[in-house]
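Please look through the fold with attention to its charged pairs, its sheet and its core, which the paragraphs below take up in turn.

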Amino acid sequence: MSGAGAGPEWVQSPEVATVAEALWLRVRDVVLAERRLERFAFDPEPAAGSLRRGLDAVAGDAEALSGLARDVALRAVAAAADPVNFRILSSLGAPDGLALGELSGRVGLPPLALAERLGALAQAGLAGRDLERERAFATPAGRGLSGMVDALAARLNARMKEELPALLDG
């Protein structure tokens, strides 16, 4: 694998940079939350299968670190790739998000189903909820990934408009 900053032109796009940075912030937040949780542990030595021991091992292993980065990225892409989840993300484009009732109506999901999907998107770092204001919002990773898909679809659409008629006539 090539290092950061190397690769095709699209890798240098602002959307990719935004998604990568936002996913890093999600990983950082999970690690910091785990460290705070460890302070409540009764045993000063982390258990063999603990997240801390696992992260300590990964941090010093370039291959394992690359695998973790790939896993986080793939989980985000998989969450966004679901058509209903993508409709949710696309609906959350406004910076302050959308009221849950309005979002439920836009995507055609009952509130409980919407809450489950928002939870999955939040777990992947793509969306969040403001429980006080009963709103949902896309994170920078969610907006960036949504923008990447829209750009890809627009290019595919242009190519199909240009070349599909000739294929169908031939």
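Glu102 is partly exposed, with a relative accessible area of 41%, where buried means under 20% relative accessible area, exposed over 50% and partly exposed in between, for a 1.4 Å probe and protein chains only. Its side chain meets that of Arg106 in a salt bridge (2.9 Å, N to O), a term that stands for a side-chain nitrogen of Lys or Arg within 4 Å of a carboxyl oxygen of Asp or Glu. Glu102 and Arg106 are four residues apart in helix α5, so about one helical turn separates them; helices (H or I, at least four residues) and strands (E, at least two) are DSSP runs, numbered from the N terminus.

The model is a predicted one, in which local features need pLDDT of at least 70 and side-chain atom pairs count only at pLDDT 80 or more, while totals for chains, interfaces and linings use all residues. Residues are numbered from 1 along each chain as its sequence is written, and side-chain values use heavy atoms, with hydrogens and water left out.

The structure holds six salt bridges, and another of them joins Arg117 to Asp82, with the closest N and O atoms 2.7 Å apart. Because Arg117 lies in helix α6 and Asp82 in the loop between α3 and α4, this pair ties together parts that are 35 residues apart in sequence. Arg117 is partly exposed at 25% relative accessible area, and Asp82 is partly exposed at 26%. A further salt bridge is formed by the side chains of Arg133 and Asp130 (3.4 Å, N to O).

Asp130 belongs to β2 (127-130), which is an edge strand, as is β1 (98-99), each pairing on one side only. The open sheet has three strands in the order β1-β3-β2 with antiparallel pairing, two strands being paired if DSSP finds at least two bridges between them. Between β1 and β3 there are two bridges, and Leu98 has Ala136 of β3 as its bridge partner.

The largest nonpolar core has 26 residues, and those with the most contacts inside it are Ile88, Leu92, Leu103, Leu118 and Leu126; such a core is a set of buried Ala, Val, Leu, Ile, Met, Phe, Trp, Tyr and Cys residues joined through side-chain atoms within 4.5 Å. Among the elements that each supply at least two residues of this core are α1 (14-38), α6 (111-123) and α7 (140-169), while α3 gives the most, with four residues. Leu126 touches, among others, Ala76, Leu89, Phe137 and Leu145, not counting residues up to four places away in sequence, contact meaning heavy atoms within 4.5 Å.
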